[in-house]
Amino acid sequence: MPNSNYPVQMDVTPEVEPFFDPATNTISYIVKDPNSNACAIVDSVMDIDYAAGRITYEHADALIDYIQKHELKLDWIIETHVHADHLSAAPYIQEKMGGKIGIGSNIMVVQDTFGKVFNEGTEFQRDGSQFDALFEDGDTYQIGTMQAFAIYTPGHTPACMTHVMGDAAFVGDTLFMPDGGSARADFPGGDAGTLYDSIQKVLTLPDDMRLFMCHDYGPNGRDIAWETSVGDEKAHNIHVGGGKTKEEFVKFRTERDAQLAMPRLIIPSLQVNMRAGEVPTDEDGNPMLKVPVNAL
Ligand SMILES: [Fe+2]
């Protein structure tokens, strides 16, 4: 879909508050409508000590504290995709603060794939019904008076979406900072060529649109950063900027991905995140995670 068909509103400038999680290098955001007290959370994090099997909520509590302190109303809890490197805290936050949990409609593809990997029973629905809203390309939604919309940007995973709120876009793992390049495209359902096409879609947004990353690893020793712009990515992104071709990108991305180890938290992350952040339970109703052997 060409950019002109998306309802871009560059004259709406939401306040964007970042919350960096050093354990997973994730940045969560609270995005506030400039004309009301409504806000959205993008990509929350639930803390896990995987070795101990212990889940806690310091990061989510920081988001909740901010919302309470500023007397905001939480309209949306957005997941840009099913993360493989951290756990979502969406249900914990929703229980305390309300708001609707939304993700891309291709969550169903992800649920089908990983429902098989984790040998889930029929009680695990694969229709996205754990979420309150499933977005399609171009779908709009309200954060107070601000109209937000989703752009379908698959490639890293089949359910990835970029969420645009006024002059700010939350790209998930579709892009990294210019000196970080792009995320891997080798998870089940991922595809480097598709990722390239999705990135081009994001890069058709206005040059001065603010872009917010879901992750940063501080390449070459620089400080952690999360905000750039479409123009900056277009000119300087080391994987896709400066007119790099799809062929160049696919070759590079495929070779790089073959070298990468699985993310440390992929096993718990997928089981929780494909359930909209709910921890699965055993037959007695106790929270319980599985480790499928040689399945990923
Ligand atoms: Fe991701």
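**Close-up views: figure legends**

**View 1. No cysteine pairing: 0 disulfides are found in a search of the whole structure.** A disulfide is a covalent bond between the sulfur atoms of two cysteines; here the term is applied to a pair of cysteine sulfur atoms within 2.5 Å. The model is predicted, and local features need pLDDT of at least 70, side-chain atom pairs count only at pLDDT 80 or more, and totals for chains, interfaces and linings use all residues. Residues are numbered from 1 along each chain as its sequence is written, and side-chain values use heavy atoms, with hydrogens and water left out. For Cys-39, the closest cysteine sulfur belongs to Cys-214 and lies 18 Å away, which is too far for a bond. Cys-214 is likewise in no disulfide, the nearest cysteine sulfur being that of Cys-160, at 9.4 Å. Cys-39 is buried, with a relative accessible area of 0%, and Cys-214 is buried, with 2%. Buried denotes under 20% relative accessible area, exposed over 50%, and partly exposed the range in between (1.4 Å probe, protein chains only).

**View 2. Helix α4 (residues 192-202) packs with helix α6 (residues 246-259) at an angle of about 130 degrees.** Helices (H or I, at least four residues) and strands (E, at least two) are DSSP runs, numbered from the N terminus. The axes of α4 and α6 are 9 Å apart; such axes are lines fitted to C-alpha atoms, for helices over the stretch in contact, and angles run from 0 to 180 degrees between N-to-C directions. The angle makes α4 oblique to α6, as angles under 35 degrees count as roughly parallel, over 145 as roughly antiparallel, 65 to 115 as roughly perpendicular and the rest as oblique. The crossing of α4 past α6 is right-handed; a crossing is right-handed if the near helix is turned clockwise from the far one by less than a right angle, and left-handed if anticlockwise. Ala-192, Gly-193, Leu-195, Tyr-196, Asp-197 and Ile-199 of α4 meet Lys-246, Phe-249, Val-250, Arg-253 and Thr-254 of α6, where contact means heavy atoms within 4.5 Å. These contact residues comprise 6 nonpolar, 2 polar and 3 charged (Ala, Val, Leu, Ile, Met, Phe, Trp, Tyr, Cys and Pro count as nonpolar, Asp, Glu, Lys and Arg as charged, and the others, Gly among them, as polar).

**View 3. Gly-193 lies in helix α4.** This glycine is buried, with a relative accessible area of 11%. Gly-193 touches Lys-246 and Val-250, residues up to four places away in sequence not being counted. Gly-193 and Lys-246 are 53 residues apart in sequence, and their C-alpha atoms are 6.6 Å apart in space.

**View 4. Helix α4 is largely enclosed by the rest of the structure, since 8 of its 11 residues are buried.** Among the buried residues are Ser-198, Lys-201 and Val-202. The buried residues of α4 pack against β10 (146-152), β11 (161-165), β13 (210-212), α5 (230-236) and α6.

**View 5. Helix α7 (residues 266-273) is mostly covered, with 8 of its 8 residues buried.** Its buried residues include Ile-266, Pro-268, Gln-271 and Asn-273. They pack against β4 (47-49) and α3 (107-117). Ala-276 is placed in the segment after α7; although not a glycine, Ala-276 has a positive phi of about 60 degrees. Ala-276 counts as buried at 3% relative accessibility.

**View 6. Asp-43 is found in the loop between β3 (38-42) and β4.** Its phi is near 55 degrees, a positive value in a residue other than glycine. At 2% relative accessibility, Asp-43 counts as buried.
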